[in-house]
Amino acid sequence: MADSSSDPARRDASDALNDLEAVLARIPGLGQLTQDFRALRALIIENRPPRIAAMGRRGCGKSSIANALLGSEALTTGAVEDTTKSPAWVTIEHEGRRLRWMDTPGLRAGGQPDRGEQVAEMLANEAPDVLLFCVRATQVDSAIDDDIADLRSALAAIETRTKTRPPVIAVITRVDELPPPIPKQPPFTEAKRESIQQATNVLKAHLERSGVVTQSIHGVSAYAKYFADGSLAIDWRHNVDQLAVALFDALPMAAQADAAVAFEASRTLRRRVARRIVTGTTSIAFFVAAAPLPHDLVLLTPLQGVMVLGISFLADRNSRARMVAEWTAGMGINLGAGVAMRAAARSLIKLVPGFGSAIAGSVAAAGTWALGSAATRYFVDGATIDETRTEFDAIKRTGFSREALSAIGKPEGSHNEEPHPEDPSPENGTENGSS
Ligand SMILES: Nc1nc2c(ncn2[C@@H]2O[C@H](COP(=O)(O)OP(=O)(O)O)[C@@H](O)[C@H]2O)c(=O)[nH]1
Ligand SMILES: [Mg+2]
């Protein structure tokens, strides 16, 4: 995914949202949309790759976890790490799916006195969104106090310099190595699952005793091998999807869209990002149409353009350009054109509101919801353009679904909208941009 600054479509989308917010700033009640505007900006415009720092002893399987999440052999594994190499953040990328990753044996590993200082500095300079505390399944009870002490030092180093503490997710790695030895690969037997549960309890007790707060603990097997063409040769991954969801939930919103694309097992995550984009846009559309503004459509079109653009970013990288073209032809809605109408929206800023509304709020919301659902079906779920158009026409005919009605005006409550330390808190100004 390109940087927002270098991407004209994102710049246009940003302008469109700014203009729209400026128009709406004149109408009382905008405050209730602050969260929606913030979500759209975070998910569509400000998005960046998630920064994940994995800490754990050499060979515990940190790099394998990055590979398992991405679904490719992006990092070499099993290699004896070069202890003279400085710890560093790397961007790992597979077919346009990107993660910022730092893989470190910890502050005290390596036997070099300044190594810990280097690790602390890397962590503080580019604070991780999430810290993955990795412990090999067979070692949850062996010298674990040292590992936890190291984790605490890392957290303290980050907190001292950045004033925030990243969420910690604990990962018990290589769970396939727990008894019984057979079968080695998933699906695991009841006995193996019991061993995993036991290891989890042990680590949990150690963490609780030491007072380190972790969001969750996951027993994971990350073992996978790939053929030269990238296809899977052996896939013994276990629980990687669950870890991906936990990571996603722990991320600030600005990193969630990229994470949803990056994690291989991520259709549900991409669907969740799409859904948040659609509910946010629908709320704003409802407000626009219900407000005493003329020319609702002039305002709604760019807004819907931003929505579909954001959803299109969730498509597979390799097929996105083709899909955007097909969408334009098949749906008769040009992705670029909607956003380009912002010039018209801008002229409206000067108008004094006071006219009756051209369309009912519920109709505008229904149309927006239907369009967003269609875009999700097409760009995320992989429906064909014909299926998408047929469903879209059906929704337009039968009208507003109950689901759409209940989604209007409130952010999706079921999942984590709990702000990451990086997310601005709701009371931190309303960024109305009313100038
Ligand atoms: N059996 C098994 N082996 C694993 C698993 N994860 C990693 N490994 C192996 O453990 C070794 C070290 O893994 P690596 O990811 O390089 O560990 P790191 O040093 O922590 O980055 C490699 O040979 C991996 O293939 C796992 O879940 N199960
Ligand atoms: Mg490694």
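How many residues lie between β7 and β8 in the hairpin that they form? The hairpin of β7 and β8 has five residues between its strands. Within the turn, G230 has a positive phi of about 95 degrees. Strand β7 covers residues 224-226 and strand β8 covers residues 232-235. The two strands are antiparallel, and three bridges pair them. One of the paired positions is K225, whose bridge partner in β8 is I234. As throughout this report, the values given here come from a predicted model.

**The six-stranded sheet**

Another part of the model is an open sheet of six strands with mixed pairing. Its strands follow the order β2-β3-β1-β4-β5-β6. At the edges stand β2 (90-94) and β6 (216-219), each of which pairs on one side only. On average, neighbouring strands of this sheet are turned by 30 degrees against each other, direction ignored.

Within the sheet, strand β4 (residues 130-136) and strand β5 (residues 168-173) run parallel and are joined by six bridges. V135 stands opposite I172 in β5. In a regular strand, side chains alternate between the two faces of the sheet.

Helix α3 lies across β1 (51-55), β2, β3 (97-104), β4 and β5. Relative to β3, α3 runs at about 170 degrees.

| Helix pair | Packing angle | Distance between axes |
|---|---|---|
| α4 (residues 115-125) and α5 (residues 144-162) | about 50 degrees | 9 Å |
| α8 (residues 253-262) and α9 (residues 267-290) | about 150 degrees | 8 Å |

The angle between α4 and α5 is about 50 degrees. Angles over 145 degrees count as roughly antiparallel, those under 35 as roughly parallel and those from 65 to 115 as roughly perpendicular, while the rest are oblique. Helices α4 and α5 are therefore oblique to each other. Their crossing is right-handed. On the α4 side, A120, L123 and A124 take part in the contact, and they meet A154, A157, I158, R161 and T162 of α5. By class, the residues of this contact comprise six nonpolar, one polar and one charged.

For α8 and α9 the angle is about 150 degrees, and the two helices are therefore roughly antiparallel to each other. The crossing of α8 and α9 is left-handed. Helix α8 contributes Q256, A257, A259, A260 and V261 to the contact, and α9 contributes L269, R270 and V273. The residues of the contact of α8 with α9 are divided into six nonpolar, one polar and one charged.

**Backbone features in the loops**

Most peptide bonds are trans, and most residues other than glycine have a negative phi.

The peptide bond from P179 to P180 is cis, with omega near -5 degrees. P180 belongs to the loop between β5 and α6 (190-210). The bond from P186 to P187 is also cis, and its omega is near 0 degrees. P187, too, is found in the loop between β5 and α6.

K163 is not a glycine, yet its phi is positive, at about 65 degrees. K163 is located in the loop between α5 and β5.

**The surroundings of the ligand**

Which residues come nearest to ligand 1? Of the 18 residues around ligand 1, those that come nearest are G61, S63, S64, T77 and G78. Helix α3 (residues 62-70) provides three residues of the shell, the largest share. By class, the shell consists of three nonpolar, nine polar and six charged residues.

Methods
Residues numbered from 1 in each chain as written. Chains lettered and ligands numbered in written order. Predicted model: local features only at pLDDT ≥ 70, side-chain atom pairs only at ≥ 80, totals over all residues. Near = placed C-beta within 6 Å. Helix = DSSP H or I, 4+ residues; strand = E, 2+ residues; numbered from the N terminus. Nonpolar A, V, L, I, M, F, W, Y, C, P; charged D, E, K, R; others polar. Pairing = 2+ DSSP bridges. Axes fitted to C-alpha atoms, helices over the stretch in contact; angles between N-to-C directions. Contact = placed C-beta atoms within 7 Å. Left-handed = near helix turned anticlockwise from the far one by under 90°.
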